[in-house]
Amino acid sequence: MPSTEQQSPLFTRIDWRDQSASLLDVRPRTAGLVLALAAVAVTFVYNHQVATTALVGTWDLRRMDWLLFVACILLVRYGVVPLVANWERSSGTVREFLRRPAGLLSLAWILGFAVLGLVGPELIGMPRVDFYADYQPPVFTTSHVTNIANVECVGPVTDAGCHGTWQYPLGTTSTGENVVNIVMYGAHIALKLSITAAMIMVVVATAVGTTAGYFGGWVDDVLMRYVDFQQTIPAIVVYIIVATMYLGKGLFTLALVFGLLNWGGIARLVRSETLERRESGYVRAARSAGASDLHVLRRHIIPNSAATVITAATRQIPLLILAQVLLAYLNLSDVRLRSLGEILNRALPPLGVGWWVVASITVFLVGTVLAFNVFGDTARDVLDPKEVA
Amino acid sequence: MTDDPLLAVRDLKKHYPVRSGLLRRVTGQVKAVDGISFEVREGETVGLVGESGCGKSTTATSVLRLEEPTAGDVYFEGDDITAYDDDEQKRFRRRAQMVFQDPNSAFDPRMTVGESVAEPLAIHGLRDDDRQAEIVSDILERVGLSADDADRYPHEFSGGQKQRIALARALILNPDLLVADEPVSALDVSVQAEILSLLDDLQSELGLSMLLISHDLGVVREVCDRVGVMYLGEMVEVAPTEELFANPQHPYTEALLASIPEPDPRSRGEAVELTGDVPDPSNPPSGCSFHTRCPRVVPPEDFEFPDGSFRQVLDFRLAAENGDVDTDALAGDTALREEFGLPSSLPDPDAESVLAAAISDAASGDVEAAADRLADAFPTVCERTDPELVDTEAGHPAACHLHDAASEHAPPELTNPQD
């Protein structure tokens, strides 16, 4: 007999015939994601078919920018939206995070890095070659740069040498580029690269890891053997081949190659998380209530792997930034000749007089790498519910 | 409405393939559930008991088709659930729910209790938040929690409270059948009693039918109307609870009943101990699968064995077959007899001569010959044929050769081998 006839008066009645789930029943965030991706696709087609030069004013979009747009949309949908939509819950996590000094410092550095990278180059412009202002030391320091032929000091000159000025707070290179602008632009490149490559890695690793762990059997075997195989291929070698022969030595190639070849470790972690959660009581309860695989994956498996994925991705980001600097130093990555690596290669002043260029770049890189690592550690501590409980 | 029981299980089997080697070839079968049948009627609570590994939980998941049964039929109100299509399956999921053993892993740590409890509603298409909240607060109060608890997280609750919440989640779809897999065995004894009485109350209020799975006969006695006893994937006895406790018909049931601790300290020491280990379900013993441990194993008809002594002889033989007789450490006939609890001589001279020969074989190091000699001389019906689940004189069915019409010899009295 149907369950509706047998209810005690105390029990809530539900008429299931009214509750048919329809395909149109999508959440606004899903609709937003689809719309945003569609908008990017339409603009992309428009840009390639109709307005083939600059899209708006002088803003000429390159393929890296398209990749970045897609990555940013995914970041907003799966990072920012859940954080804001469940603010009641996530505020607790954020507070917990900010209560830790290491977390606060690393977050501040990353935010500063992101803001500088995003708006810095637009606000203060690209580094410019200026032979009337080469070898200028940073403010508050002095250097005997005037001993070098054709070098004139912008600031006052005393017995101690040339004094740095506020015009060039971090000094200039041997071709007179302002180091502040260089670091800003370095942050810009690093930001673009890390968002894009990290999103590629996160998406692929989560998809592969959860599929392998959840469905098991030959799916698991095939995917994980592929990961084994992929991990034997050094991304840097593939990058050199692809960049010099096919796609060019730009950020696009770097993000694509490193993003598509470095997700193996994350996928492995996600898989083991999934294996553990697949047998957990809440997954079995959801299944016995009639949940589909998709529901279980979306509601339970993937959200619970978030901590692992975030931690692992923040470990990959500094490696990417360093790899880019290294490749640029070796002339294997061209970013309009303004990457940190190229500056190190091209504009390094003679020993003893240009220490500030190396120092600024090193401090920036060390700070950023450290910040991402500390951020990842703290995020894991805070997000891991086992430790909170 | 029909006269069909709410749930009828017919000859249910669930075998898991054992794969080994590089090519993952199937090299064997673990017969987790091997042909069991039972019924759950409207408003009735049926218990399934047995040791761990006897297939109780597999039965539960197969009955709900959370795992596809290997063979057999499960009828829900007369409809075969293994033939359900997707829509019917979804409707069935609303009407049959499950509660799991460990309440500590039963909730997604990222979801509030309210969200967890409301999840089945969302799965079945009720997505209106206000309506969900209303139903959730109603059901939380029904299981003895407060409506405000919906906004808290699982780790803020104790084990007993979590099991209440798990019950709320299982009952929120207002099912007709609840399968509870060891619902209280992860809880403190005092909390166990609370949850069991809650189950009892809810069941009578809601007219719920329940399949309760437990290794603990004490729990079963508390709530069940009828009990099925399982051993190694087979049902060995089914009886109304009172009758099972008063008049057990299967030696395994007797042993389980004897294992319930008596609160009276003076009545200690009457426990029937089972000898040997639970056999491997991938390689179950021939005949009655309980014969390797049965304290009342049927002796061969041609010989006279005093109380329970055939058990020791059989233990010795099985140990010899498995190579568990350490002839180096146990030099000499007397040492062997002592180790296996064999009497210094059997009263039946024919039996004694066979046993003595076997022991001297073993003592001289030829354990295999000893095993063969005993197997040839002392065949037992328990080893040869698998007993059917048939009605006994007590009025309920049990699967044991002691109740065979053919076995005319008096069953040996149940005594403690150490006596």
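Helix H1(B) is followed by Arg65(B), whose phi is positive, near 60°. Helices here are DSSP runs of H or I with at least four residues, strands are runs of E with at least two, and both are numbered from the N terminus. The model is predicted: local features need pLDDT of at least 70, side-chain atom pairs count only at pLDDT 80 or more, and totals for chains, interfaces and linings use all residues. Residues are numbered from 1 along each chain as its sequence is written, while chains are lettered from A and ligands numbered from 1 in the order in which they are written.

H1(B) covers residues 56-63, and it is largely enclosed by the rest of the structure because seven of its eight residues are buried. A residue is buried if 20 or more other C-beta atoms, placed from the backbone, lie within 10 Å of its own. The buried residues of H1(B) include Ala60(B) and Val63(B).

In the largest nonpolar core, of 125 residues, Val179(B) and Leu211(B) touch the most other members. This core draws at least three residues from each of domain 1 (7-257) and domain 2 (309-379) of chain B. A nonpolar core is a set of buried Ala, Val, Leu, Ile, Met, Phe, Trp, Tyr and Cys residues joined through C-beta atoms within 7 Å. The domain bounds come from an automatic or database assignment, and the C-alpha centres of the two domains lie 46 Å apart.

Also in chain B, strand E9 (residues 226-231) pairs with E10(B) in the antiparallel sense over six bridges; pairing requires at least two DSSP bridges. Met230(B) stands opposite Met235(B) in E10(B). Two residues lie between the strands of this hairpin, where Leu232(B) takes a positive phi near 50°. Strand E10(B), residues 234-240, is mostly covered, with six of its seven residues buried.

Apart from the core described above lies another core, of 77 residues, among them Leu251(A), Ala307(A), Ala312(A) and Ala371(A). Chain A has 14 helices and three strands, and 39% of its 389 residues count as buried. An unreviewed UniProt entry lists "transmembrane region" spans in chain A, including residues 66-85 and 193-216; such annotations may be inferred rather than shown by experiment. Residues 66-85 of chain A are 100% helix, with end C-alpha atoms 27 Å apart. For residues 193-216 of chain A, the values are 96% helix and 33 Å.

Note on methods:
Buried ≥ 20, exposed ≤ 12 C-beta atoms within 10 Å, placed from the backbone.
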